[in-house]
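Here is a short report on one protein chain and its ligands. Look over the sequence and the structure first, then read on.

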Amino acid sequence: MSEKSIGKYLGESIPKLGFGFMRLPRADGDSGGGGFGGFGAPPKFDMPQIEKMVDYFLDNGFTYFDTAFVYQGSEEAMREALVKRHPDRESYQIASKLNLMAIQNRSLEGLKQEFETTMERLGTPYLDFYLLHGLGGPSIASAEELGAWDYLKELKAAGKIRHAGLSFHGTPEELDELLTKHPEAEFVQLQINYLDWENPQVQSRRLYETARAHNTPITVMEPIKGGQLASEASVFGEALKRSAPDVSVASWALRYVASLDGLITILSGMSTYEQLVDNVKTFKNIQKLSGDDRKLLDAAVATINSVPSVPCTRCNYCSPNCPQKINIPALIGLYNDYLVYRSAEGISRSYGFMAMQGGKAKDCIACKTCEEHCPQHIEIADTIAKLSPLVD
Ligand code: SF4
Ligand code: SF4
């Protein structure tokens with residue numbers, strides 16, 4: 001598909017808000033959506049609230065909805081709240097994602113099955129956007145081996161998808177190589193927010209510049225960093241609130257991203273009707289950042305980076321010695337996030353995924369075996385004891 005055809009989605013100057021179906025409200029009151037994995041029983045969502053959110057979003061002129069095979073229950077929820085209730089299919093766009101890790105048998109057949117399941121779950125005759133999900137590192141080679149790129153071409157030729165792209169978590173060098181090899185990638189979804197812009201691990205700025213150098217339109221994910229840049233209680237939230245009491249802390253993060261060129265849309269994974277209303281308000285009256293605004297966000301980043309943290313290097317010498325199978329560096333990472341964002345809710349979703357795969361914080365028996373192996377001499381048992389009441 002030529003850039004021209006996808007170019008119609010590029011806003012003249014201000015891009016649009018996209019509705020990410022990743023952190024949907026749940027009926028049991030647990031915020032933060034469903035599980036991650038693609039199989040198993042979907043969680044119980046708060047469907048009346050999701051329907052109200054979808055209607056409000058559409059009524060305000062926004063049209064882009066994003067889901068994925070591995071967001072458990074999300075595709076089905078989109079069918080019920082959007083597809084079934086809004087029959088004018090041409091009036092909005094749906095994006096979903098093909099996850100190479102989710103297929104049972106590592107084969108092209110597995111990919112085809114995954115796509116068919118997505119279509120069944122969504123109940124739609126076509127997808128506007130279909131992405132290879134989370135490419136970066138070894139998954140780039142897997143996509144080649146499995147013939148995933150050719151499969152996308154096939155789907156497009158058959159009219160089952162309208163635009164093919166990828167979401168990306170690798171390095172700028174990998175992205176450059178990939179977009180050079182696959183000019184048919186019509187767009188790329190990147191993690192961009194003001195905190196990760198110069199972060200040496202995420203490298204949002206360099207990824208953005210790489211996509212722009214290839215003239216590849218961008219959809220943005222994690223503009224509020226999983227909700228963390230919305231926290232009023234955070235070490236930076238107070239300063240932002242003082243500067244502009246009438247707007248939310250989240251609106252700063254959205255305006256930062258909305259000030260960039262070349263975007264198709266900015267996805268926000270909204271978990272409540274109130275968050276949606278606030279995001280819609282931000283985009284309805286969107287103001288690009290002024291020079292003073294940027295200075296304030298630079299100060300917020302400096303404040304975040306200056307918060308003392310537990311000096312874990314993630315070497316993982318500790319975990320294999322834990323009798324409780326606790327993923328120690330991951331838990332310490334969450335505790336460090338809490339020190340910055342001061343939001344137990346903000347770390348609960350990641351904790352949920354993590355605790356499914358290993359021991360919980362409350363399982364720690366304070367044997368301190370791990371500490372004998374830690375080159376940083378971290379008081380691991382004490383750190384986990386501080387985290388446990390926040391998450392367990
Ligand atoms: S102190 Fe806790 S985390 Fe460390 S090895 Fe013992 S049980 Fe595992
Ligand atoms: S051994 Fe220490 S520094 Fe290494 S991952 Fe474990 S806690 Fe972190």
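## Residue classes

Ala, Val, Leu, Ile, Met, Phe, Trp, Tyr, Cys and Pro count as nonpolar. Asp, Glu, Lys and Arg count as charged, and the others, Gly among them, as polar. The model discussed here is predicted.

## The shell around ligand 1

How many nonpolar residues does the shell around ligand 1 have? There are 10 nonpolar residues in this shell, along with one polar and one charged residue. Gln counts as polar and Lys as charged, so Gln324 and Lys368 are the polar and the charged member of the ligand 1 shell.

The surrounding residues include four cysteines: Cys322, Cys364, Cys367 and Cys370. Ile328, Ile365 and Ile384 also surround ligand 1. Pro323, Ala366 and Ala381 are there as well. The space that ligand 1 takes is the largest cavity.

## The shell around ligand 2

Ligand 2 takes the space of the second largest cavity. Around ligand 2 there are 13 residues. Those that come nearest are Cys312, Cys315, Asn316, Cys318 and Cys374. By class, the shell of ligand 2 holds nine nonpolar, three polar and one charged residues.

## The chain as a whole

The protein chain has 15 helices and eight strands. Its radius of gyration is 21 Å, close to the 21 Å that the globule rule gives for 392 residues, so the chain is as compact as a globular protein of that length. The C-alpha trace spans about 60 × 50 × 45 Å along its principal axes.

Of the 392 residues, 53% are buried. Now take the contacts between residues at least 6 apart in sequence: 74% of them join residues at least 24 apart.

Thr210 belongs to helix α8, which covers residues 204-213. Is Thr210 buried or exposed? Its relative accessible area is 12%; buried means under 20%, so Thr210 is buried. Beyond its neighbours within four places in sequence, Thr210 is in contact with Pro172, Leu175 and Asp176.

Ala302 lies in helix α12, residues 291-306. The relative accessible area of Ala302 is 46%, so this residue is partly exposed. Cys364, one of the residues surrounding ligand 1, is 62 residues from Ala302 along the chain. The C-alpha atoms of Ala302 and Cys364 are separated by 34 Å.

Methods:
Residues numbered from 1 in each chain as written. Chains lettered and ligands numbered in written order. Predicted model: local features only at pLDDT ≥ 70, side-chain atom pairs only at ≥ 80, totals over all residues. Heavy atoms only, no water. Near = heavy atom within 4 Å. 1 Å grid on protein atoms, 1.4 Å probe; cavity = no way out; pocket = protein on both sides within 12 Å on 5 of 7 lines; lining within 4 Å. Sits in = over half its atoms within 2 Å of the grid points. Helix = DSSP H or I, 4+ residues; strand = E, 2+ residues; numbered from the N terminus. Rg over C-alpha atoms; globule rule 2.2 N^0.38 Å. Buried < 20%, exposed > 50% of the residue type's maximum accessible area, 1.4 Å probe, protein only. Contact = heavy atoms within 4.5 Å.
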